[in-house]
Amino acid sequence: ELSNLVNIAAVMAASENAKAVTNRNLDEALDRILMGTERKSAVMPEQVRKVTAFHEGGHALVALRTDGAMPVHKATIVPRGHALGMVQQLPEEKDSIQMTKKQMIATMDILMAGRVAEELIFGADNVTSGASSDLVKATRLARDMVSTYGMMPGSPVGLEVVSDQSSGETKRLVDIEVRTL
């Protein structure tokens, strides 16, 4: 992975006719790997940039102010990959292997913050489809917390392993717990 990072940075430096790879090249290479290639040709209308800025600002603000959240590394409204913007968080070394329940709840808070920011600033009738992947990720994390990690003490689901073969009642209880989260 490090070799790939340095190679991408070296190609960037060479395209600029630089004599050496700089920290800026390494930082840009890391952004490309973690966030996708910057879409420089994408023209975003002013209103889309404004909504994206508030959406990503919501993620960043909640990430900065939520106990258990990973540190914010970078926030951008530059389109990269399929995203119009993003907030990049980098785990501290102790957080890179497993997550606590507190960290998972913080992650769900951060994921939902973009939609909430849109609603607070522009009104409920003007929220956009920009939160679709956030909603999918938050729901998947909540479902894993309930059905895989057994993180709902006192839940009727308990520590039962939930699978495709589970009863309809168990699946219904999982759905209730996921909605609660």
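Predicted model: local features only at pLDDT ≥ 70, side-chain atom pairs only at ≥ 80, totals over all residues.
Modeller: Residues are numbered from 1 along each chain as its sequence is written, and side-chain values use heavy atoms, with hydrogens and water left out.

Biologist: What makes residues 101-122 a helix, and how does the reach of α4 relate to the expected one?

Modeller: A helix is a DSSP run of H or I with at least four residues, numbered from the N terminus. Helix α4 has 22 residues and spans 32 Å from first to last C-alpha, close to the 32 Å expected at 1.5 Å a residue; the expected span is 1.5 Å times one less than the number of residues.

Biologist: Why is phenylalanine 122 called buried?

Modeller: Buried means under 20% relative accessible area, exposed over 50%, and partly exposed in between (1.4 Å probe, protein chains only). Phenylalanine 122 has 17% relative accessibility, so it counts as buried. Phenylalanine 54, at 34%, is therefore partly exposed.

Biologist: What makes phenylalanine 54 and phenylalanine 122 an aromatic pair, and which kind is it?

Modeller: Rings of Phe, Tyr and Trp (its six-membered ring) pair if their centres lie within 6.5 Å; planes under 30 degrees apart count as stacked, over 60 as edge-to-face and the rest as tilted. A search of the whole structure finds one aromatic pair. Phenylalanine 54 and phenylalanine 122 are 5.6 Å apart centre to centre with 85° between the planes, and the pair is edge-to-face.

Biologist: Which parts does the pair tie together?

Modeller: Phenylalanine 54 lies in helix α3 and phenylalanine 122 in helix α4, so the pair links parts 68 residues apart in sequence.

Terms used:
Helix = DSSP H or I, 4+ residues; strand = E, 2+ residues; numbered from the N terminus.
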